[in-house]
Amino acid sequence: MRTTVGVLLGSVALLAATTTASAQTALTIATVNNGDMIRMQGLTSDFTAKNPGITVKWVTLEENVLRQRVTTDIATKGGQFDVLTIGTYEVPIWAKQKWLVPLDKLGADYDVDDLLPKIRAAVSANGKLYAAPFYGESSMIMYRTDLFAKAGLNMPEKPTWDFVIDAAKKLTDKTAEVYGICLRGKAGWGENMAFLTAMANSFGARLFDEKWQPQFSGPEWKKTLVTYVDLMKAAGPPGASSNGFNENLALFNAGKCAMWIDATVAASFVTNPKESKVADKVGFALAPNTGLGKNANWLWAWSLAIPAGSKKVEAAEKFIGWATSKSYTELVAAKEGWANVPPGTRTSLYRNADYLKAAPFAKLTLASIDSADPNNPAVKPVPYVGIQYAAIPEFQGIGTR
Amino acid sequence: MARRVAVAHTVTATVAAWIVGFVIFFPILWMAITSFKTELEAFNTPPSFLLFQWTTENYATVQERSNYLHHAPNSIIIAGGSTLVAMVIAIPAAWSMAFVPSRRTRDILLWILSTKMMPAVGVLVPIYLIFRDLALLDSRIGLLCILCLSNLPIVVWMLFTYFKEIPKDILEASRMDGATIGRELVYVLTPMAVPGIASTILLNVILAWNEAFWTLNLSTSEAAPLTVFIASYSSPEGLFWAKLSAASTLAIAPILVLGWFTQRQLVRGLTFGAVK
């Protein structure tokens, strides 16, 4: 008799255990291998503590692999992921294909109006938010204040290409292995094309005209490319055509570049004394222009979105609400310091005195983001949306060629 | 005099072999060394070879961020399992083609190989859809099947060439003694083909272990093998070289050890085993 009761009790307990286990929702989150994302991964326990019914599984991949992997899954409705990390390029296309769930239930304290207007526009379609920006970036000039002072040069806040080219040539000292300017040269969309297309915008060029005719043979493109090649030959580091973001970062951190035009997120790396030999000698300025009204900077935001095939939309919304909220910013600040919070998404961050003090690059990052307009990227009118890309599905192929 | 020449020959050959070996092994050595550097050190130009502050922090970070012990068993199951299944299919196939060839055997062999001529990405979407409908996405059994299928052509070809070397007379002799096909396969053919089968198994395990296209595309987290583990440390924006090296070193360690041990067996088997 006693054993029967014991067995019964045991099975009831087992049953209870299995029900709680099945009530657990396991979210699969696909993300890129960038510093801010890795930090988010490390802070997952804060989310699971606040949402006991949800567990989180991470899939971290390199950007291009992730893009292909996630596109395959979403196009076939494979349903392998519940939260995706996507860029501003994917959002308008995927929203149009009805591949994404609109994000209108992110919680009362989400404060969608706090998002930077340019970033919000980049991740919205038809007035609806389809992805929540996790961090935003533009590009700007990072330069060595000590070398500029030594050469008697003064970097204006909105430099022209003429000034930049002239300064780059003056600051190049090949015997001391100091080069006037480091720019991306490695082929590929996420590599030199990101830079060149943004540079072309500042020279008045465009990818397509209003009738979708390619414009690459026009005089503006020619001028852009000739200027770029001449500049890299005269004032660039040797082997510049194999340099991407990482290589230029290494060169700049080693003190070998007087100027570097690249993503605003690089600012936190070059000013970090643990990584950079020139951490206390870096100044920032807007990406150069030619007086036509457009600077050579891009706009990009890594954002979190929910694929239409997911069966765990509610839990996914909770996660996105957590990861892109103001309280997440505070969590990072408390654990890792203000300089490490994900930048470029919220107005409130750029009004926060603690952040402005910890991040000397904050002002220029915000100014760069504000000066970029993905809906109106070129000097002349264009039929596409996007600055260093055109938000059409074919661009994945074009950009890489 | 002749002896001195012989000694000189041996010395030159040994030195040359060591140099070639070192050159081939250098990238792996460099990766292993980089895994013990700090990220700043890993990026340093000119790079330092041995004189730097050695650290194991990358291994700690890698283990903290992703669970090696979750991915390694997946790799072992997928690589080992796919090899086993491939062998079960390929040994009879190669046997029949080597010993009872028909008029079309040559065409069949070429046709089998032709499946390897198409880039894998060409069939990604159809395979993905099939996997989705069979609920095989992110499952070990699914990856096992696809790797087995993609390596089968090479396995069949390798075994076929090994079996071809075995004299037919021996098989005829066993038939005279009344052996059935099954007994002939197990007791006569297999022992003679052991070196060939062993090297085919090793090659197939290595191919399946390193296969990165299907494993990356058809797995997410549960079934993800070590290729996915490495891929999660590659990044175009940010300093991750030392961590990537640590992850890669961890990922190749098991297969390196396996190769090391089986190498002796293989060489011995090849020199002593076969009837030639």
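In chain B, helix α4 (residues 68–99) and helix α9 (residues 181–210) cross at roughly 140°, and their axes come within 9 Å. That makes α4(B) oblique to α9(B); angles count as roughly parallel under 35 degrees, roughly antiparallel over 145, roughly perpendicular from 65 to 115, and oblique for the rest. Keep in mind that this is a predicted model, where local features need pLDDT of at least 70, side-chain atom pairs count only at pLDDT 80 or more, and totals for chains, interfaces and linings use all residues. Residues are numbered from 1 along each chain as its sequence is written, with chains lettered from A and ligands numbered from 1 in the order in which they are written.

**The chain B helix pair**

- The crossing of α4(B) and α9(B) is right-handed.
- On the α4(B) side, the contact residues include B:Ser75, B:Ile78, B:Met87 and B:Trp95, and on the α9(B) side they include B:Leu185, B:Leu189, B:Asn204 and B:Trp209; contact here is C-beta atoms, placed from the backbone, within 7 Å.
- Sorted by class, that contact has 11 nonpolar, 5 polar and no charged residues.

**A helix pair in chain A**

- Helix α9 (residues 189–202) of chain A packs on helix α10 (residues 219–235) of chain A at about 125°, with axes 9 Å apart.
- α9(A) and α10(A) are therefore oblique to each other, and their crossing is right-handed.
- A:Leu196, A:Met199 and A:Ala200 in α9(A) meet A:Glu220, A:Trp221, A:Thr224 and A:Tyr228 in α10(A).
- The contact of α9(A) with α10(A) splits into 5 nonpolar, 1 polar and 1 charged.

**Chain A overall**

- Chain A has 17 helices and 9 strands; these are DSSP runs, with helices (H or I) of at least four residues and strands (E) of at least two.
- The radius of gyration of chain A is 24 Å, close to the 21 Å from the globule rule for 401 residues, so chain A is as compact as a globular protein of that length; the rule is 2.2 Å times the number of residues to the power 0.38.
- Along the principal axes, the C-alpha atoms of chain A fill a box of roughly 95 × 50 × 35 Å.
- Of its 401 residues, 48% count as buried, meaning 20 or more other C-beta atoms within 10 Å of the residue's own.

**Where A touches B**

- 28 residues of chain A are in contact with 25 residues of chain B.
- In chain A, α2 (35–42), β2 (54–61), α4 (63–75) and α11 (245–253) each give two or more residues to that side.
- The chain A side divides into 10 nonpolar, 13 polar and 5 charged residues.

Definitions and conventions:
Axes are lines fitted to C-alpha atoms, for helices over the stretch in contact, and angles run from 0 to 180 degrees between N-to-C directions. A crossing is left-handed if the near helix is turned anticlockwise from the far one by less than a right angle, and right-handed if clockwise. Two residues are in contact if their C-beta atoms, placed from the backbone, lie within 7 Å. Ala, Val, Leu, Ile, Met, Phe, Trp, Tyr, Cys and Pro count as nonpolar, Asp, Glu, Lys and Arg as charged, and the others, Gly among them, as polar. A residue is buried if 20 or more other C-beta atoms lie within 10 Å of its own, exposed if 12 or fewer, and partly exposed in between; C-beta atoms are placed from the backbone.
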